[in-house]
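Please go through the model below with its protein–DNA contacts in mind, and then with its helix packing and selected residues. The briefing is grouped by topic.

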Protein chains: 2
Amino acid sequence: MAAAQTETLHSRILAELTRKIVDGSWPPGHQLPKETELATQYGVSRMTMNKVLTQLAQEGYVVRRKRTGTVVAQPRAQSAVLAINNIQDEVAALSRRYHWRLLSAETRPRSAQDQRQLDLDAEEGTCDTLFLQGLHYSNDDPFCLESRAINLGVVPDAAGMDFDCDVPGSWLLQTMPWTNARHHVRAVNVAGRDATLLQLPVGAACLEILRKTQIEGEWVTYVRLLYPGEAHQLVAEFEGRPGG
Amino acid sequence: MAAAQTETLHSRILAELTRKIVDGSWPPGHQLPKETELATQYGVSRMTMNKVLTQLAQEGYVVRRKRTGTVVAQPRAQSAVLAINNIQDEVAALSRRYHWRLLSAETRPRSAQDQRQLDLDAEEGTCDTLFLQGLHYSNDDPFCLESRAINLGVVPDAAGMDFDCDVPGSWLLQTMPWTNARHHVRAVNVAGRDATLLQLPVGAACLEILRKTQIEGEWVTYVRLLYPGEAHQLVAEFEGRPGG
DNA sequence: TAGTGGTCTAGACCACTCC
DNA sequence: GAGTGGTCTAGACCACTAG
């Protein structure tokens, strides 16, 4: 975070304790003084110190246990978080022109190919489903091929939408309240129609992102995003700490 | 999270308010009652309600402003987080046998190839550097090719280590206190020596993860991890909300 | 200038866990 | 049984900001 504001009491203390852990003054396993002691040392109330220690714990720097007190956590797995943003923002971030072209839209029963390509869950096959395919462009170059299934049982309005104009992802985001999603990311060799659409030679490496979106237990949409591998990468900053 | 314990006051209230937002009872833009009112409604002190609202805010569900009060946030970018774990844990999670084989280890000036392959920062070239390469195996199949540079100025002990036995990543993790890292993930077509080592045909799609690790502003290590694309994928759960 | 969230305190009770 | 963190309260002052 920005170290600009060392304003509040607990943020100042938090920064101080974090520093001791990060620079090794308090190595992993080190036992911290108890809440009341720390509160006295820093001249604050126990609630304030509790706020600091609670935050330190939920950031993974320390482990707190009743009776035994607070100790500096062991750095564990090299786990990190990668941000997956929406495509329009990605293109905009590169200061390039963005546009979307709808290739196909049809309401039909799912095929075996849909099932395979979008990694659809088998038991969720009964609803009316809208299948879409389209291309995201960056400066008139294909940037991402999107294949999507939308559950019309959950989002009936999608049936009447003109996805020539509205980008399905953005529209769904505006339409639906809050959602949960599961992502899979892997590398694939592009082939066939996908290669043609992305203007890539057969066999070129692409980054494939599969996303299943749910709301309140019902599936909303499955998406497959295919990015030319050389042209795209996910970037992540990561603060080293356990869990995540 | 697990909905098991609806024990504490604020966790119960937090769950209740979150539900109202997620199921659409409180749509984006909806104005919440003020802290004191909510506290009265739920029969708790203002501090307790503040704790709830603060957490709701830092989870991105609401936006709080002085004078104007608290409103439900607009769902923004489809951003998500992807976990990158360490390789040993990944293999273990698949209930497979793991082992590591060191291919090469040498202390030498960086070459143009190192620079390119590991995406080394130009200005960080003066220190003594240890270069390693090795393979992670899952059930005796190549699972990941690791190429690494270690800054001996920061980790002098690495020079005397026997990385035939110790996996460099794990050892560094145990040795160093807390670190920060930057990741890049992309898809590449494997070629040359990399293909041979991973026992893949030339051109096979691979997931490439580049990681730069820092501690207190100094670079510690650069790693390039190359996974056979078909055999590996990153998975992420994601709670829909702005920022992240 | 008035109303909101942001913060802090001093004290209290409880649950859990190790001895 | 004793000590720790986990939680909650009632009241207070401050900073920011819209009107």
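**Surface near DNA strand D**

- The surface near DNA strand D draws at least two residues from each of α3, β1 (62–65) and β2 (69–72) of chain A, and likewise from each of α1 (9–22) and α3 (46–58) of chain B; helices (H or I, at least four residues) and strands (E, at least two) are DSSP runs, numbered from the N terminus.
- This is a predicted model, in which local features need pLDDT of at least 70 and side-chain atom pairs count only at pLDDT 80 or more, whereas totals for chains, interfaces and linings use all residues. Residues are numbered from 1 along each chain as its sequence is written, chains are lettered from A and ligands numbered from 1 in the order in which they are written, and side-chain values use heavy atoms, with hydrogens and water left out.
- DNA strand D is surrounded by 23 residues, the closest being A:Arg46, A:Arg64, B:Leu9, B:His10 and B:Thr48, where a residue is near a molecule or strand if one of its heavy atoms lies within 4 Å of it.
- Of the atoms of DNA strand D that come within 4 Å of the protein, 65% belong to sugar and phosphate.
- The surface near DNA strand D divides into 4 nonpolar, 9 polar and 10 charged residues, with Ala, Val, Leu, Ile, Met, Phe, Trp, Tyr, Cys and Pro counted as nonpolar, Asp, Glu, Lys and Arg as charged, and the others, Gly among them, as polar.

**Surface near DNA strand C**

- For DNA strand C, α1 (9–22) and α3 of chain A, together with α3, β1 (62–65) and β2 (69–72) of chain B, each supply at least two residues of the surface.
- There are 23 residues around DNA strand C, of which the closest are A:Leu9, A:His10, A:Thr48, B:Arg46 and B:Arg64, and by class this surface has 4 nonpolar, 9 polar and 10 charged residues.
- Sugar or phosphate accounts for 64% of the atoms of DNA strand C within 4 Å of the protein, while the rest belong to bases.
- In the side chain of B:Arg46, an N or O atom lies 2.7 Å from a base nitrogen of DNA strand C, whereas in the side chain of B:Arg64 an N or O atom lies 2.6 Å from a phosphate oxygen.
- A polar backbone atom of A:Ser45 is 2.8 Å from a phosphate oxygen of DNA strand C.

- In chain A, helix α2 (residues 35–42) packs against helix α3 (residues 46–58) at an angle of about 110°, with the axes 9 Å apart; axes are lines fitted to C-alpha atoms, for helices over the stretch in contact, and angles run from 0 to 180 degrees between N-to-C directions.
- That angle makes α2(A) roughly perpendicular to α3(A), a label given to angles of 65 to 115 degrees, whereas those under 35 count as roughly parallel, those over 145 as roughly antiparallel and the rest as oblique.
- A:Glu35, A:Thr36, A:Leu38, A:Ala39 and A:Tyr42 of α2(A) meet A:Arg46, A:Met49, A:Asn50 and A:Leu53 of α3(A), contact meaning heavy atoms within 4.5 Å.
- The residues of this contact divide into 5 nonpolar, 2 polar and 2 charged.
- In chain B, helix α2 (residues 35–42) and α3(B) pack at an angle of about 110° with their axes 9 Å apart, and they are therefore roughly perpendicular to each other.

**Salt bridges**

- Over all chains the structure holds 27 salt bridges, each being a side-chain nitrogen of Lys or Arg within 4 Å of a carboxyl oxygen of Asp or Glu.
- A:Arg46 forms a salt bridge with A:Glu35, and the closest N and O atoms are 2.5 Å apart.
- This pair links distant parts of the chain, with A:Arg46 in helix α3 of chain A and A:Glu35 in helix α2 of chain A, 11 residues apart.

**Selected residues**

- A:Thr48 lies in helix α3 of chain A and touches A:Leu9 and A:His10, not counting residues up to four places away in sequence.
- B:Tyr98 lies in strand β4 (residues 98–107) of chain B, and its side chain is joined to that of B:His136 by a polar contact of 2.6 Å (a pair of N or O atoms within 3.5 Å; within protein, one must be able to donate a hydrogen and the other to accept it, and residues adjacent in sequence count only if both atoms are side-chain atoms).
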